[in-house]
Amino acid sequence: MTTAPLMPTSSNLLDQPEWSSFVRNGRAATVHPRRLRLVEAAGVSLDLTGQLFSPELAESGAALLTARNFTYHRDKLLSGQPINTTEERAAWHTMLRAPAPVESVNAERQRMIEFVRNADSERRWRNIVHIGIGGSDWGVRLTVGAFGYAGMWRQVRFAASIDGHAIEGALAGLDPHDTLIVLASKSFTTAETLENGKRAVEWQRSAGVADPFSNVIAVTARPDLAKAWGAKESQIFRLWDWVGGRFSLWSSVGLTTALAVGTDVLAGMHAGASAMDTHFATAPFESNAPIQMALAGLVNRCALGYASLNIAPYDFRLSNLVPYLQQLEMESLGKSVDLNGDPVSVPTGPAVWGMPGTDAQHTFFQWLHQSSDGAPVDFIVCQEAGHHWPDHHRSLLANCLAQREALLQGKTYDDALQECLEAGIEPEKAKWLAKHRVHPGGRPSNLIVLPKLTPYTLGALLALYEHKVFVQGVVWGINPFDQWGVEYGKVLAKGITAELSGGQPRNGVAHDASTAYWVNKFAG
Ligand code: F6P
C-alpha cells in the first residue's frame, strides 16, 4: 500500500495566527443590514447581507485561505489528483459535468442518452423503480421531484431503506412487464440496495417475466459484481472509483432522471454545474460565491458557535434538497481528525436540517426566531414561478423575505411595547406581553436567488454547495471525501443480522446490556 501524502494544511489550526485573527475578526464583525452584499455566480445570486462583515474579516478570510494552501488544493481537486487521501483516489465529479469530458465519461454519457432515446421511441417501461441509497438515491429523488413534480409520462418510485415497506410500497400496483428496475450502487455491496434488488427481480419472476434481468439496469463502479449478481453486461452503466457516492448524481446514476424528465435535464444541470466550477476556479476570492459562503459558514460555526445550519428552500419542487444537502454537508464535514490523523482543535461541520417554506414556518421557525440557540439559515427561492398563479408566488416571495428580515432586524422591546399599546392592550399587561414579543435579530442568513428553477440553475446551486463544502474542508484540514463513520455501524449491523438469524454473537466483543437484551428478544 502506498502511504498517502500528508497535506500541508493539516497543521493545528489553533497554532495558525491566520486562524486566530480570522476568528477574532469574526467575533468583532457585525451585520450591516443597510449595506447590500451580493455575489453573482453562474446565474445564481448569493446575498450575504445577513452575514457578519467587516473589511478586517474579509482580509483575514483571504489570508486564512492562503495560509491553508487553498489554491493548491483547489487545483488538485479540479485536475483529478488523488485528493481523497484516506481512500487514495481523486474526487473528480467536476469531470462528469465538463463540456468536453475525458473519453470514458463521454462514451458512458452517450450510451445513456442512446438508451433513453431507444426506450422513449419504443414507448417502453411506463414505470421505473429506482433502487439505491444515499448518494445513489437523493440526487435522483431531488431532480425527479424538481422537474417531474406535476406529472410524468413514466411513473417513478423509489426504494432505498432495508425496511421491507419501502420496496413493498415501491412495487405495489405496478405492472412488472412494464417496469424497469434501476439499481444504482457505486460499490455494488450495499446491503439495502442488493436486498431490495433481489425482491424486485423475484417480483418480476413470480409475475411471469421470463427474463427479469432484461428489465434491470445496474449503475455501478463494479461491473464485475453487477454481472455476477445477474445484470446483463449491455445493461450495466459505469461510474468510476473517483466519483464519490454523494457526487454521483452527475454520472449515469442520473439515468432514472433522464428516463423520467429527459436527457435535456441532465445536460442542463451539467452546464449549470460546470459554469459554477469555472466561477469557482477563476473568480477572485472576494467575488467567489462558494468561497464567500464557506467563509461566512466558518464564522458562524467557529466564531459565533452555531452548531447547526438550517436550509429553507422556498420552493415546493425542492422538497428533497434538504436531505440531499444533509448527506453532502454532513458526510463530508462530519469529521474531527485532520489529514494527519490528529484531532481538529476547533468545531467542524454543523448539523444540517430544514424543510421547504412556508411549511417550515409553521414547524420550527419559532425556534429560529426566539430560542436561546438559533441557527444560521440559507433561504433559497426562485424569482420567477414555474406555475400560473402569480398571487401564490408573490406571497411565497414575501414570506421568504419577511422571515429573513425578522431574523436579521429583530424587534426591540420598545417596538414590541408600542405594538401592544397600539393594539389597545392596557399598559401593565403590554409591558409584560412585549417581553414575549421581542426578537433578538442579528441571526445570520444567506439568501440564494435563482432567476427560475431550470436544470441549469439547479446544477449551479448544487455545485455552489459542493464547492462551499470543499473550501471548508480545506480550512479545517479534513478530508471531505471519505465517510468512515458510516462504515462501523454497517459492520455491526451485519453481525447482529446474523445473530437474529440464529448465528453466534461476534467473537470477542460482548454487546452492551441493552443491545444484548434486544438481540435476544428479537431473535426469540
Ligand atoms: O451512506 C454511506 C454510503 O457509503 C454513501 O456514501 C453512499 O452514497 C451510499 O452509502 C450508497 O453507496 P453505494 O452507491 O455504494 O451503494
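Predicted model: local features only at pLDDT ≥ 70, side-chain atom pairs only at ≥ 80, totals over all residues.

User: How far is the side chain of Thr190 from an oxygen atom of the ligand?

Analyst: Take the N or O atoms, since a polar contact is a pair of N or O atoms within 3.5 Å; within protein, one must be able to donate a hydrogen and the other to accept it, and residues adjacent in sequence count only if both atoms are side-chain atoms. The side chain of Ser185 places such an atom 2.6 Å from a ligand oxygen. Lys186 uses a backbone N or O atom, at 2.8 Å from an oxygen of the ligand. For the side chain of Thr190, the distance is 2.5 Å.

User: How much of the accessible area of the ligand does the protein cover?

Analyst: Accessible areas come from the Shrake-Rupley method with a 1.4 Å probe; for residues, only the protein chains shown count as cover. On its own, the ligand has 390 Å² of accessible area. The protein covers 88%.

User: Where does the ligand sit?

Analyst: A pocket is found on a 1 Å grid over the protein atoms alone: it is an open set of points where a 1.4 Å probe fits, with protein on both sides within 12 Å along at least five of seven lines. A molecule sits in one if more than half of its atoms lie within 2 Å of its grid points. The ligand sits in the largest pocket.

User: Is Gln403 buried or exposed?

Analyst: Gln403 lies in helix H15 (residues 390-409). Its side chain makes a 2.6 Å polar contact with the side chain of His369. Buried means under 20% relative accessible area, exposed over 50%, partly exposed in between (1.4 Å probe, protein chains only). At 15% relative accessibility, Gln403 is therefore buried.

User: What is omega for the cis peptide bond between Gly357 and Thr358?

Analyst: Thr358 lies in the loop between strand S11 (351-354) and helix H14 (365-370). The cis bond joins Thr358 to Gly357, with omega about 5°.

User: What is phi of Trp125?

Analyst: Trp125 is in the loop between helix H5 (103-121) and strand S5 (127-131). Trp125 counts as buried because its relative accessible area is 4%. Its phi is positive, in a residue other than glycine, and is near 60°.

User: And what is phi of Ala42?

Analyst: Ala42 is found in the loop between strands S2 (38-41) and S3 (44-47). With 18% relative accessibility, Ala42 counts as buried. Phi is again positive in a residue other than glycine, near 50°.

User: How far apart in space are Gln155 and His511?

Analyst: Gln155 is in strand S6 (residues 155-159) and is partly exposed, at 35% relative accessible area. In sequence, 356 residues separate Gln155 and His511. In space, C-alpha to C-alpha, they are 44 Å apart.

Key: Residues numbered from 1 in each chain as written. Heavy atoms only, no water. 1 Å grid on protein atoms, 1.4 Å probe; cavity = no way out; pocket = protein on both sides within 12 Å on 5 of 7 lines; lining within 4 Å. Helix = DSSP H or I, 4+ residues; strand = E, 2+ residues; numbered from the N terminus.
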